[in-house]
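Me: I would like to go through this model step by step. Please keep the answers plain.

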Amino acid sequence: MVVEDEPSLADLVGSYLERDGFEVAITGDGAEAVPLARQVDPDVVVLDLGLPGLDGVEVCRQLRTFSDAYVVMLTARTEEIDTLIGLSVGADDYMTKPFSPRELTARIQAMLRRPRTTIAATVAQPHRFGDLALDVDGREATVAGRPIALTRTEFDILAALARDPGVVLTRTQLIEAVWGPSWVGDEHLVDVHIGHLRRKLGDDATRGRYVRTIRGVGYRMGTGS
Ligand code: CA
């Protein structure tokens, strides 16, 4: 699904995606995006930030209440990405205009190629870290029995870390495990998703119970205590 109010850009992105074999639904209005998403149940949403009706942040928030589609947010300025990250809107990736539609579709293809099944197959069920329980096959995380609503990216990061709890994963290794080896982008995105994960898990950045920062190296699972 493409949500973009510049018709020429929406059509351009749509035609690249169709060329890659996707079925594409387009809307240029934020208020129409949410009902359209309910109707078409998209795998991926390319979402412009500045939209009439409802802005991209609000569309993403509403989308997240019923959809775990990958969301790529389009922004007009690079600085907006930091603001968006601060708002924790739950997008999986960000691109600043002008961008290459070829790069956008390459990133989307890489997202969809993520090795989820490999992760699921190698984690014992369920994984427990104190109050945190992780059911990788069922794609469910609970803290003290309370389900935690994670985006697909957040869940995949947690599953990748849980696969080998004693091992520290570097950002590059996490990107390979979650986004796939062909992903090109900023490693900083890993920290962003870890930040969201911690907030949702009620974890502390400096003394993480579940996701520990190993300074200068990367991340590993904590014991939950
Ligand atoms: Ca716009």
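Me: How many helices and strands does the protein chain have?
Reply: This is a predicted model, in which local features need pLDDT of at least 70, side-chain atom pairs count only at pLDDT 80 or more, and totals for chains, interfaces and linings use all residues. Residues are numbered from 1 along each chain as its sequence is written, and side-chain values use heavy atoms, with hydrogens and water left out. Helices (H or I, at least four residues) and strands (E, at least two) are DSSP runs, numbered from the N terminus. The protein chain comes to nine helices and twelve strands.

Me: What radius of gyration does the protein chain have?
Reply: The radius is taken over C-alpha atoms, and the globule rule is 2.2 Å times the number of residues to the power 0.38. For 225 residues a compact globule would be near 17 Å, and the protein chain agrees with this at 18 Å.

Me: In what order do the four strands of the open sheet lie?
Reply: Two strands pair if DSSP finds at least two bridges between them. The pairing in this open sheet is antiparallel, and the order is E6-E7-E8-E9.

Me: Which are the edge strands?
Reply: An edge strand here pairs on one side only. That applies to E6 (127–129) and E9 (146–148).

Me: Which strands does helix H7 touch?
Reply: Contact means heavy atoms within 4.5 Å. Helix H7 (residues 152–163) packs on the sheet, and its direction makes about 100° with that of E7 (132–135). Axes are lines fitted to C-alpha atoms, for helices over the stretch in contact, and angles run from 0 to 180 degrees between N-to-C directions. The strands touched by H7 are E6, E7 and E8.

Me: Are H7 and H9 roughly parallel or roughly perpendicular to each other?
Reply: The axes of H7 and helix H9 (residues 188–201) come within 9 Å and cross at roughly 90°. Angles under 35 degrees count as roughly parallel, over 145 as roughly antiparallel, 65 to 115 as roughly perpendicular and the rest as oblique. H7 and H9 are therefore roughly perpendicular.

Me: Why is H1 called oblique to H5?
Reply: Helix H1 (residues 7–19) and helix H5 (residues 101–112) have axes 10 Å apart. H1 is oblique to H5 because of their packing angle, which is about 50°.
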